Amino acid sequence: MPDEQMAAAGSAPVPPGGAPSAPQAPPRPLDPIDRSIMRLLQADGRASIRSVAEQVHVSRANAYARINRLIDDGVIRGFTARVNHERAGQGASAYITLKIVQNSWRTVREKLRELPGAAHIALVSGDFDVLLLVHTPDNRTLRELVLTRLQSIPEVLSTRTLLVFEETDLLDPGPPNGGPAIAAEE
């Protein structure tokens, strides 16, 4: 891989079921350098090999080999952009809990994947079965999604909607030293 940006590197398609079809080798333990590389790439998936190598104090060849191994081992599944949903016209966000008919997870998961604005779907334990994160343009659209789309799925027994008032992206490095961002003078 050239020393330029790595945004498209390692972006292998994942089958609709969410897991690769070939059996995978057991996970290999990650050392502190691997973990540092992962943190850097989570914060900036477009970081150059040179930048990553300098920040983790290894050679470019070592950084390149480690990143490729992380990709080949399936630890890094791809590179993506983190989106500010409000700036992208998706100002209403909610976590929606669902109780579903027993043994209907695969069917429900496929129907939830088709929902506009669905960002994350998880099968969980506890008082409900599924946790769904959605982003919609406004509360009216969110209401329609819940009352019309979700509650019309036969396998969905009940829903509970938790509006998101504010989010904090833990991968966003934010301003240096935790202080306020300073605008550059023109």
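Modeller: Let us start with leucine 132, which, leaving aside its neighbours within four places in sequence, is in contact with Ala94, Tyr95, Ile96, Leu98, Leu112, Leu115, Ala118, His120, Ile121 and Leu150. Please keep in mind throughout that this is a predicted model.

Biologist: Which residues of the largest nonpolar core touch the most other members?

Modeller: That core has 17 residues, and Ile96, Leu98, Leu112, Leu132 and Leu150 are the ones that touch the most other members. At least two residues of this core come from each of β1 (92-100), α4 (105-113), β3 (130-136) and α5 (139-150). Apart from it lies another core, of 16 residues, which includes Ile37, Met38, Val52 and Val58. As a general matter, nonpolar side chains in soluble globular proteins tend to be buried together.

Biologist: What pattern does the protein chain follow along the sequence?

Modeller: The protein chain has five helices and four strands, and read along the sequence they follow the pattern α-α-α-β-α-β-β-α-β.

Biologist: Why is α1 called roughly perpendicular to α3?

Modeller: Helix α1 (residues 32-43) and helix α3 (residues 60-72) pack at an angle of about 80 degrees, with their axes 11 Å apart. Angles of 65 to 115 degrees count as roughly perpendicular, and therefore α1 is given that description relative to α3. On the α1 side the contact is made by Ile33, Asp34, Ile37, Met38 and Leu41, and on the α3 side by Arg66, Ile67, Arg69 and Leu70. Sorted by class, this contact of α1 with α3 has six nonpolar, no polar and three charged residues.

Biologist: What makes α2 roughly perpendicular to α3?

Modeller: The axes of helix α2 (residues 49-56) and α3 cross at roughly 105 degrees and come within 8 Å. The range for roughly perpendicular is 65 to 115 degrees, so α2 is roughly perpendicular to α3. Here Ile49, Arg50, Val52 and Ala53 in α2 meet Arg60, Ala63, Tyr64 and Ile67 in α3, and by class the contact has six nonpolar, no polar and two charged residues.

Biologist: How do you know whether threonine 136 is buried or exposed?

Modeller: A residue is called buried when its relative accessible area is under 20%, and threonine 136, at 1% relative accessibility, therefore counts as buried. Threonine 136 has its place in strand β3, where, not counting residues up to four places away in sequence, it touches Gly89, Gln90, Gly91, Ala92, Thr141 and Leu142. The C-alpha atoms of threonine 136 and serine 93 are separated by 6.2 Å, although these residues are 43 residues apart along the chain.

Biologist: And on what grounds is threonine 80 called buried or exposed?

Modeller: The word exposed is used for a relative accessible area over 50%, and threonine 80, with 70%, is therefore exposed. Threonine 80 is found in the loop between α3 and β1.

Biologist: Where is the pLDDT below 50?

Modeller: The protein chain averages a pLDDT of 84, and 80% of the residues score at least 70. Over residues 1-18, however, the pLDDT is below 50, and this stretch has 41 contacts in the model beyond near neighbours in sequence. Over residues 176-186 the pLDDT is also below 50, and that stretch has two such contacts. Where pLDDT is low, the predicted coordinates should not be read in detail.

Conventions:
Residues are numbered from 1 along each chain as its sequence is written. Side-chain values use heavy atoms; hydrogens and water are left out. Axes are lines fitted to C-alpha atoms, for helices over the stretch in contact, and angles run from 0 to 180 degrees between N-to-C directions. Angles under 35 degrees count as roughly parallel, over 145 as roughly antiparallel, 65 to 115 as roughly perpendicular and the rest as oblique. Contact means heavy atoms within 4.5 Å. Ala, Val, Leu, Ile, Met, Phe, Trp, Tyr, Cys and Pro count as nonpolar, Asp, Glu, Lys and Arg as charged, and the others, Gly among them, as polar. A nonpolar core is a set of buried Ala, Val, Leu, Ile, Met, Phe, Trp, Tyr and Cys residues joined through side-chain atoms within 4.5 Å. Buried means under 20% relative accessible area, exposed over 50%, partly exposed in between (1.4 Å probe, protein chains only). pLDDT is the predictor's confidence in each residue, from 0 to 100.
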